[in-house]
Amino acid sequence: MQAFLHQLLAGLATGGIYASVALALVMIYQSTHQVNFAQGEMAMFSTYLGWAMLQAGLPYWAMFGLTVGLSFVMGALVERIVVRPMRQAPVLSVVVVFIALLMIFHSLAGWLFGYTIKRFPSPFPERAWYGSAVMSAHEVGAIAITLAVMALIFGFFRFTALGLAMRAAAQNPVSSRLVGIDVGWMLMLGWGLAGAVGAVAGMLVAPVVFLDPGMMGGVLLYAFAGALVGGIDSPAGAVLGGFIVGVLENLIGSYVVGTELKLTVALVLIVGVLIVRPSGLFGRTIVVKV
Amino acid sequence: MPMLLEVEGLHAAYGTSRVLHGIDLSMRAGSVTALLGANGAGKTTTLRALCQMAVRTTGTIRIGGERADGRPTGRIVRLGVAHVPDGRGTFLALSSEENLRLGAYGRRDRAGVAEDFERVYGYFPRLRERSGQQAGTLSGGEQQMLAIGRALMSRPRLLLLDEPSFGLAPLVVRDIFEIMRRINAEQGVSILLVEQNAALALDIADSVYLMASGRIVLQGTPQEVRGNDAVRRVYLGA
């Protein structure tokens, strides 16, 4: 029972990471109908930036804030320099560009920081939480930070004028221009936010999986599964989907298929959702009247 | 009366297909001007060209004396132009209150915005009842009211309306035109109206332009246009 509980809660902790990356994917999908395959590698690169700052002697939380800020700028720049010129391009070209971005960030990290696996510290103490055997302090902290980030993002979109403008620009760019919204800026901001959220996820997962250029490969797949389970156009669905995938991955991995086949769970989920319910649990099926 | 809108030699094109071939048009402040013509005459394109939206243009556009051609759309909005596009441009997934709030995007005067909410709800009490409702679930008439309300939220000097009667029941159309007349009279907002329903437009307008194949072919008062037999036969279908 104890072991089961531990697996469940550990699943929630990694699920939070998937949920963050899924949220980043959905934020970009909503505004541009593009899936950013490089989201995971951007998060990995951000984490390396954080690692470099720690090496330079910055305290953890200063590094955390600075990394989030830099990742915001990095996301916004990627939109402005790489994605925007591709606005009129066919879907396949866009996919190729995103895969290229993935490779670029991957190789850049390896080139700048090396391919040897590095330790990335957790801001939380390395012991069980209040002496309980089911959860480590890092897992509890990761869940808390994830939830806080999500609350911030939802509050921003729900209650601020800028958040409203971003939602408007995502769903009806023409009308948005007519009320004076600079749609280009909103897209840049969206990519920036996605980059920042991804960076948080990267810094929280790195102490568990260790830091290396390939660390987000699996995470991106799980996040993608989470986004699809929840509905690729629903931020709340993506978050819930991320947690569901995290728990399923852990439980199925420990009790059914074994850890070696864990990644298969994500792939089966992706294919399964696409066959059975393509719009996901919370996605809207868009009905087109003719 | 000062001129609110002066357009000279306006050409517009979508990519390589040219749609407007040198339009001259002017509007006095406070007036209601109707832009009539058959399908494909270039009426909608004219409105888009005024907002520098989705078309390439040459020629000069002055709004309140200030050059607007070549400016970004957002700048033209701040010059006091509010455009209700064809198809109404509703933000379907947002609530109707959020739609109105977006109309006031970029305004910093909170008190003024609150005042304008009341003003819009005064003209369209139905929108207050529907404020929390998702805009896509409103009826066609309510969506048209919402679109006009959204435009008013920017406190415009010039309202561009593209076929406000489209797809609506005659009674609803009558209500909406009556409210447009009041908005013009009470708020001093000038209206440039594109309309298929010529009879309605001639009732409300004090100046009329007739378009054909991307050119202005006639300009006059509603009386003059009504009195012109050739025009009535060819363009007004009466």
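Q: What makes strand 9 of chain B mostly covered?
A: A residue is buried if 20 or more other C-beta atoms lie within 10 Å of its own, exposed if 12 or fewer, and partly exposed in between, with C-beta atoms placed from the backbone. Five of the six residues of strand 9 of chain B are buried. The model is predicted, so local features need pLDDT of at least 70 and side-chain atom pairs count only at pLDDT 80 or more, while totals for chains, interfaces and linings use all residues. Residues are numbered from 1 along each chain as its sequence is written, and chains are lettered from A and ligands numbered from 1 in the order in which they are written.

Q: What confidence does the predictor give?
A: The complex has an ipTM of 0.88 and a pTM of 0.86. On pLDDT, the predictor's confidence in each residue from 0 to 100, chain B has a mean of 90, and 97% of its residues reach 70 or more.

Q: How do you know that strand 9 of chain B pairs with strand 3 of chain B?
A: Strands (E, at least two residues) and helices (H or I, at least four) are DSSP runs, numbered from the N terminus. Two strands pair if DSSP finds at least two bridges between them. Five bridges join strand 3 (residues 32–37) to strand 9 in chain B, and the two run parallel; B:Leu36 stands opposite B:Leu210 of strand 9.

Q: Which way does strand 10 of chain B run against strand 9 of chain B, parallel or antiparallel?
A: Strand 9 (residues 207–212) and strand 10 of chain B run antiparallel, joined by five bridges. B:Ala212 stands opposite B:Arg215, and B:Met211 stands opposite B:Ile216. This hairpin has two residues between the strands, and B:Ser213 takes a positive phi near 45 degrees.

Q: Why is one side of strand 6 and of strand 10 of chain B left without a neighbour in the sheet?
A: The open sheet of six strands in chain B has the order 6-7-8-3-9-10, with mixed pairing. Strand 6 (81–84) and strand 10 (215–220) stand at its edges, each with a single partner strand, so one side of each has no neighbour in the sheet.

Q: Why is helix 9 of chain A called oblique to helix 10 of chain A?
A: Angles under 35 degrees count as roughly parallel, over 145 as roughly antiparallel, 65 to 115 as roughly perpendicular and the rest as oblique. Axes are lines fitted to C-alpha atoms, for helices over the stretch in contact, and angles run from 0 to 180 degrees between N-to-C directions. Helix 9 (residues 216–230) and helix 10 (residues 235–257) of chain A pack at about 125 degrees, with their axes 7 Å apart. Helix 9 of chain A is therefore oblique to helix 10 of chain A.
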